[in-house]
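Open the structure in your viewer and keep the selection panel at hand. We will go stop by stop.

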Amino acid sequence: MTERETGDGLLDEALVQAFQRDGFVVVPDLLSAEELDRYGALVAAAVAARTAASTVPLEEKSRYEQSFIQCINLWEDHPLVRPLTFHPKVGQAAAALLRVPAVRLWHDQALCKEPGGRETDAHQDHPYWPIRETASITAWIPFEGSTLASGAMGYLPGSHAIGLRRFVNIFFGEPRDLLADPEVAGIETVFVEVPRGSVAFHHGLTVHLAKPNTTDGPRPVHTMIYFPDGSTRGYPHPHFSVDRSGIEVGQPIDGDATPIAWPRPAGDLPPLPAVPIGGAAAGPRAPVSSPAAEPEPGNRVQRSANPPMKFADLAEELGRVRGPSGDQEVTSCSMRSSVAAMFLAVALAARCAPHLVRGDSWLRSQVSRTRVPSSVGSSS
Ligand SMILES: O=C(O)CCC(=O)C(=O)O
């Protein structure tokens, strides 16, 4: 490592250069053991709440569901997870690695590879998202660390920079084997074990996969996906991160579903999007506190609509949610999830019924049903 550090002083310049060259890097010691214990338990509870209705055993799940249980945007209905999703050090590291002054959250997601869970098929992330510019980045946080046995991630070094932007449908049936594509022939997969407390980052165009989990325990992971502030919607294919805020093709992605993750004032957390993750069918998320918070026509939400939520406000909100014993947070969240799921079920039963019992897989399936251009030049 060199002595020179990036402008923000958090990361050694060698790490930034490694990310720019390889499209992935492991940043050591970003989270403390106490944070990992606390957030690991909260994310596990949130995943349990979201998937409470699912009784399908691993062997009967789809190929994609056997790779991991995926729960998207826990920050929206599990307030105690919000400070993790907007963890300032992780957001700051993401911005430093991309060499940009500010990043927004695209979405968060828990990815729990169950004991016996199969490998994660090789794919690039960015083709799933209608963001024109390609400089997105994922922070991958394994609460217990990751090992080759538990489902370590593997990356194709430099694959983010070869002009490849290929949609691989890992959600249904047998996906195309991206590793067999001529563009990546000869690039050897590097599997990386991540020590507890470290965070693995990968570029949205880096081809990556993960080993199966051959251990007796789960491989719990929380991830945050960031993109540079100023990025624009490139494609019309549906996605909840832009559709809920009425962001049209060509417009900057600056809605309330994709708040600034870095920089934010210390202790500051963003307000919840006006339209909940279940979509308009799930009804408004919360009472609107002032006329200024009313969505603009077309569901576009003004950046300043809701005052930003501070940690203190969050504590107060939780006080109300948790009640005097302080132990009801998970129940309350699961009730909210259940209400949202109920509305959703009514609205989408015909099309999505099989997915409703499977965590958030329906969300990803909605994205994957619409193909994006299979190969668009990289501009990262
Ligand atoms: O956790 C995994 O197995 C895969 C993660 C992944 O594909 C991602 O975070 O983009």
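Leaving aside its neighbours within four places in sequence, which residues is histidine 126 in contact with? Select Thr134, Ser136, Arg165, Gly204 and Leu205: these are the contacts of histidine 126. Keep in mind that this is a predicted model.

Stay on histidine 126. It sits in the loop between strand E4 (120–123) and E5. Histidine 126 counts as buried because it has 30 C-beta neighbours inside 10 Å, and 20 or more make a residue buried.

Next, select strand E5 (137–142). Six of its six residues are buried, so E5 is largely enclosed by the rest of the structure. Side chains in a regular strand alternate between the two faces of the sheet. On E5, Ile137, Ala139 and Ile141 point one way. Thr138, Trp140 and Pro142 point the other way.

Now bring in the partners of E5. Strand E8 (residues 199–203) pairs with E5 in the antiparallel sense, over four bridges. Pick tryptophan 140: its bridge partner in E8 is alanine 200. E10 also runs antiparallel to E5, and six bridges join them. Here, alanine 139 stands opposite methionine 224.

Last stop: the ligand. Select the residues around it: Phe68, Leu111, Lys113, Thr120, Asp125, Thr138, Trp140, Gly151, His208, Ala210, Val221 and Thr223. Strands E5, E9 (208–210) and E10 (221–228) each give two or more residues to this shell. Colour the shell by class: five residues are nonpolar, five polar and two charged.

Terms used
Residues are numbered from 1 along each chain as its sequence is written. This is a predicted model: local features need pLDDT of at least 70, side-chain atom pairs count only at pLDDT 80 or more; totals for chains, interfaces and linings use all residues. A residue is near a molecule or strand if its C-beta atom, placed from the backbone, lies within 6 Å of it. Ala, Val, Leu, Ile, Met, Phe, Trp, Tyr, Cys and Pro count as nonpolar, Asp, Glu, Lys and Arg as charged, and the others, Gly among them, as polar. A residue is buried if 20 or more other C-beta atoms lie within 10 Å of its own, exposed if 12 or fewer, and partly exposed in between; C-beta atoms are placed from the backbone. Two strands pair if DSSP finds at least two bridges between them. Two residues are in contact if their C-beta atoms, placed from the backbone, lie within 7 Å.
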